[in-house]
Structures are given as structure tokens and as C-alpha cells.
Amino acid sequence: MNKKAGILGVGSYLPNKIVDNFYFEKIMDTSDEWIKTRTGISERRMVDENETTSDLSTKAALNAIKCANLTPQDIDLIIVATATPDMAFPSTACIVQENIGATHAAAFDISVACSGFIYGITIAKQFVETEMYKNILVIGAEALSRAVDYNDRSTAILFGDGAGAVVIGNVDEGGILSTYLGSDGKGKDVLTLPVGDSIKMSGSDVYKFAVRIMGEASLKALQMANLDATEIDCLIPHQANIRIIEASAKRLKLDMDKVYVNLNKYGNMSAASIPVALDEAYRQGKINKGDNVVLVGFGGGLTWGASVINWSIQGGKNE
Ligand code: COA
């Protein structure tokens, strides 16, 4: 029988420093009211001057490994999805490999902007199901506060820092039922982070693309899993803007009580948004064994992806 890949453990880590919208009121022409109503964001986390993407990744990774009841020695491969690596090389994944003592693991980073986590679990699924590797750590992590221009009010207020991680391995029941990935390089100029520079964005173009693609990608992944939208127990969307999330839920005819939202607390953490939301939803008991969980994201590239997961681990409430 073919091996089925699924999530064995999930974890996250957020930096301690909380920056609310009133901070931005002081440094630029904006308001808490505008940010909240146009984006849904109230505050975000920021790394301190000595904290790096690999530091956040390391803490999230250890939490996910613990949740999976494994040790770092059990990890065969580490994939870090990030747009804000510590360095071009060594990869952030190699730094994590040393930090956690995963001495048997290969390691590499992937660059897929905000869709990176879904691309990462898709890669991991292939390796597990072909039996090349047994336990794979997939991390989405960002220190985006280092990549924003604090003179640009249309981007600076949107982003935050954090990390989420999962361990992907063999499951007996459920697992990753489908993943669907896409890209369109024609949209390469719509959302960019030039090397050594800051994020540039055409907000309204990204907005229109996001609302269309979130629904489309979710439906495609559901179709690949032989499910329909009525069978979704929990939707974990990329956390970019509450209006994008609500419009996507509406297209899927899904009640917002089935959609996990935490961008009010963290803003858009790019590759970290989905795994952090997944970890929180699991720990709050919003995802239970047997549930159909849909992950969906979009980002620079342009890129997008969606995945349907039939949840394999017992509820994490009060863990
Ligand atoms: N505070 C106050 N006003 C602001 C502002 C801020 N922080 N940022 C932009 N504005 C202004 C604009 O300058 C514009 O003013 P103008 O009409 O005088 O030119 C006005 O608000 C409206 O701009 P608009 O772009 O129409 O606003 P919007 O309702 O589309 O919201 C975004 C802007 C950026 C919040 C929204 O387009 C968005 O979320 N886009 C998607 C971004 C995204 O998801 N990026 C990451 C993808 S992974």
C-alpha cells in the first residue's frame, strides 16, 4: 500500500514585541481607524534587533517536533519557506539544522513569497510518499519588519514577523489529500522585494488577484480531493487582509465561523501566516481528528497554492 503523508505535529513562535497601529500614527500619515477598517489588522509582532528568521524558525521547529513526539534526530529533511532569510547562503534551513541538532537532516530554503508554506508541504508530501524521507520539517518564517519601507504607508502597516512549522510524515488515517500549486510570472511586478531593498506593491492589483485566486485554488484542491466546499470543516487562508478573506469565504459559500482569522494580532507574516494560523486553530480545538482542513494562499510571483488535509492528530486543546 502506498504511504500517505500527513501532518504529525505543528508548532509556532511569535516574537515578544507587539507593535500596535498607534505606533504608525506617530511615524506616518495614517490612523488606527484606517488600518483596522481597510485591512483588519490591529497589531503585529516584530523581531528585536538581534533576532533573526532562523531564531524564529528554530523555536517553531522545536514546538512542532515536540508536538509530533519526535526528536530532532528523527528529522530527515528541513525545508524553510521564507522571503527574509538570514542570508542568501547558508540557507536558513541549514542554520536551523544546526540549532536544533538535526544531524541526519538535509536542508534547503524555498522562495515562493506568501505561498511558500503550501509549496513546502507539497514538496514534503512527495518525498514521504516516495519513501525517500520519513519525517520532514516544513517551516514558514519571516522577519518582514526588516523588509518594509517605513516611509510607505500602503505597505508598512501590513506586515509582521513570526514562524510556524509542521512535521510531515506517514499517517495511517487521513493525511494530505491534495495540493494544487500555480504561478504567473506576468504578475512579477505587482508585488516585489528587490534584493537589498524594501517591499513594493500595487495594492489594488494584488487585492483583485487575491480575491479571485483564493476561491479558485481552494475549489481546485477540493476537486482533486473529491470533496466540495460544503465538506470544509476549517479554512486556513493566507492572512493578508480581512476583506480578502471574507470575499473568498463568500465565493466558497462558507460561514466565517469555519474560517480561522488571526491577522488582527499578527498582520501579514507571508510564509509564516498559514502555519501559525494552523497551529493556533489546532490548539484552540477548532481542528480535530478527521476534519477536512483547507489551506490556501497567494503571493509574489505571482504564486498561489491550496491543499486539503484530512487531519490525522488528536485535538491539541490545552496541550
Ligand atoms: N493609511 C491611510 N491611508 C492610506 C494608507 C494608510 N496606511 N495606505 C493607503 N492609503 C490611502 C491611499 O494612498 C489611497 O489614497 P488616495 O485615494 O488619496 O490615493 C487610499 O488610501 C485608498 O487606497 P486603496 O489602494 O484604494 O485602498 P484599499 O482599500 O485598496 O486598501 C490595501 C489598500 C493595501 C489595504 C489593499 O489594497 C490590500 O490589502 N491589497 C492587498 C495587499 C496584499 O494582500 N499584499 C500582500 C499579498 S501577500
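These legends walk through a few close-ups of a predicted model. Residues are numbered from 1 along each chain as its sequence is written, and side-chain values use heavy atoms, leaving out hydrogens and water. Because the model is predicted, local features need pLDDT of at least 70 and side-chain atom pairs count only at pLDDT 80 or more, while totals for chains, interfaces and linings use all residues.

**View 1. An open sheet of 5 strands.** Follow the order S1-S7-S6-S4-S5, and you'll find mixed pairing. (Strands are DSSP runs of E, at least two residues, and helices are runs of H or I, at least four, numbered from the N terminus; two strands pair if DSSP finds at least two bridges between them.) S1 (5–13) and S5 (106–110) sit at the edges with a single partner strand each, so one side of each has no neighbour in the sheet.

**View 2. Strand S4 beside S5.** S4 (residues 77–81) pairs with S5 in the parallel sense, over 5 bridges. Look for Leu77, which stands opposite Ala106 in S5.

**View 3. Helix H5 on the sheet.** H5 (residues 116–129) packs here, touching S1, S4, S5, S6 (136–143) and S7 (161–170). Touching means contact, with heavy atoms within 4.5 Å.

**View 4. Helices H7 and H8 together.** H7 (residues 203–224) and H8 (residues 242–251) pack at about 35°, their axes 8 Å apart. (Axes are lines fitted to C-alpha atoms, for helices over the stretch in contact, and angles run from 0 to 180 degrees between N-to-C directions.) Among the residues that meet are Tyr207 and Met214 in H7, and Ile244 and Arg251 in H8.
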